[in-house]
Amino acid sequence: MKKTGLLARPLLRSVRAKGGAFTLIELLVVIAIIAVLAAILLPALAAAKAKAITTQDLGNKKQLAIACSIYSNDSDDYLVPNAAAGENYGWCCGTMGENWGVAPGNIDPNAYETNCLAPYVGNQIMAYKCPADNIPSANGDRIRSVSMNCFMLGNLPKNVATPLIGYNPGWKTFSKTTDLRSSLRPSDAWVFADESMCSLNDGYLQNGLNSPIFPDIPAAYHGRSNCFSFVDGHVEIHKWSGALTGVPYALNVVEQNLVPKLGAQDPDWLWLLAHSSNR
């Protein structure tokens, strides 16, 4: 009987080991494997999410580009009228709250359902919003992130267009798409871009081309990039590499008249110089 009992003990220990808890070493191995998998998968998931947002924004800009093209076809080749400060006409019909303010225009869809692009954009007013722009104004999530190149005036009334023509002395402004064909190519001339909420108010994105300065601030929501539509209807992502990579997005931060440290050598200012207008 003793012999039988001695033989049984290793078997019992083996059974208990199979049904028992993990050892510390086994747990550490599992945790290490999970950590390695997370390190591999999380960047890929983040990149996939960023790509999806960028694709959505490109789609929004494409919708606006198509709307602008149809508008021009229906309007004797005129570009969409720009929206200068304090005026209730143009493609976005007036101003939003200054930067992070509480103006009704931040959240009221009415202006976008009745503006000159409404028949062409329809009820897809989300086309005016960058999906990566997720910092709200004081009265809620904004409807709009985009602004229009200040050199594209479109068919503004003469009394409104005249002072805007002189905003950048020596640089051309454009009322019709045919105005570009003898100077800046339609494929090189941008129309809409995302503007940082550090400066967003009206729909007229001011560019300073006579000296290196950003009166209004193009956004960098997509990994230091911006999404542009062009007169010829194409859209593209442009990656910043100069002063615009450091634009703040903290709540209530206001940034206007940004002077790049590199001055006239700033690559972001030079890109806008080449794609906004010409002398």
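A contact here means a pair of heavy atoms within 4.5 Å. By that criterion, among the contacts in the protein chain with a separation of 6 or more, 73% link residues 24 or more positions apart. The model under discussion is a predicted one.

The protein chain comprises seven helices and five strands. Read from the N terminus, the elements follow the order α-α-α-α-β-α-α-β-β-β-β-α. Of the 279 residues in the protein chain, 43% are buried.

The strands may be taken next. Strands of a sheet pair through backbone hydrogen bonds, in either a parallel or an antiparallel manner. In this model, five strands form an open sheet in the order S3-S1-S2-S4-S5, and the pairing is mixed. Strand S3 (204–205) and S5 are the edge strands, each of which pairs on one side only. Within the sheet, S1 and S2 run antiparallel and are joined by three bridges. Met148 stands opposite Phe192 in S2.

Attention now turns to helix H7, which spans residues 267–276 and has Asp268, Trp269, Trp271, Leu272, His275 and Ser276 as buried residues. Viewed down the axis of H7, these buried residues fall within an arc of 160°, and they therefore line one face of the helix. At the start of H7, a side-chain oxygen of Asp266 comes to within 3.1 Å of the backbone nitrogen of Asp268.

The cysteines remain to be considered. How many disulfides does the structure hold? The structure holds zero disulfides. For Cys68, the closest cysteine sulfur is that of Cys116, at 8.1 Å, which is too far for a bond; a disulfide would require the two sulfur atoms to lie within 2.5 Å. Cys68 is buried, its relative accessible area being 12%. Cys150 is likewise buried, with a relative accessible area of 1%.

Technical notes: Residues are numbered from 1 along each chain as its sequence is written. This is a predicted model: local features need pLDDT of at least 70, side-chain atom pairs count only at pLDDT 80 or more; totals for chains, interfaces and linings use all residues. Side-chain values use heavy atoms; hydrogens and water are left out. Helices (H or I, at least four residues) and strands (E, at least two) are DSSP runs, numbered from the N terminus. Buried means under 20% relative accessible area, exposed over 50%, partly exposed in between (1.4 Å probe, protein chains only). The arc is that of the directions from the helix axis to the C-beta atoms. A polar contact is a pair of N or O atoms within 3.5 Å; within protein, one must be able to donate a hydrogen and the other to accept it, and residues adjacent in sequence count only if both atoms are side-chain atoms. Two strands pair if DSSP finds at least two bridges between them.
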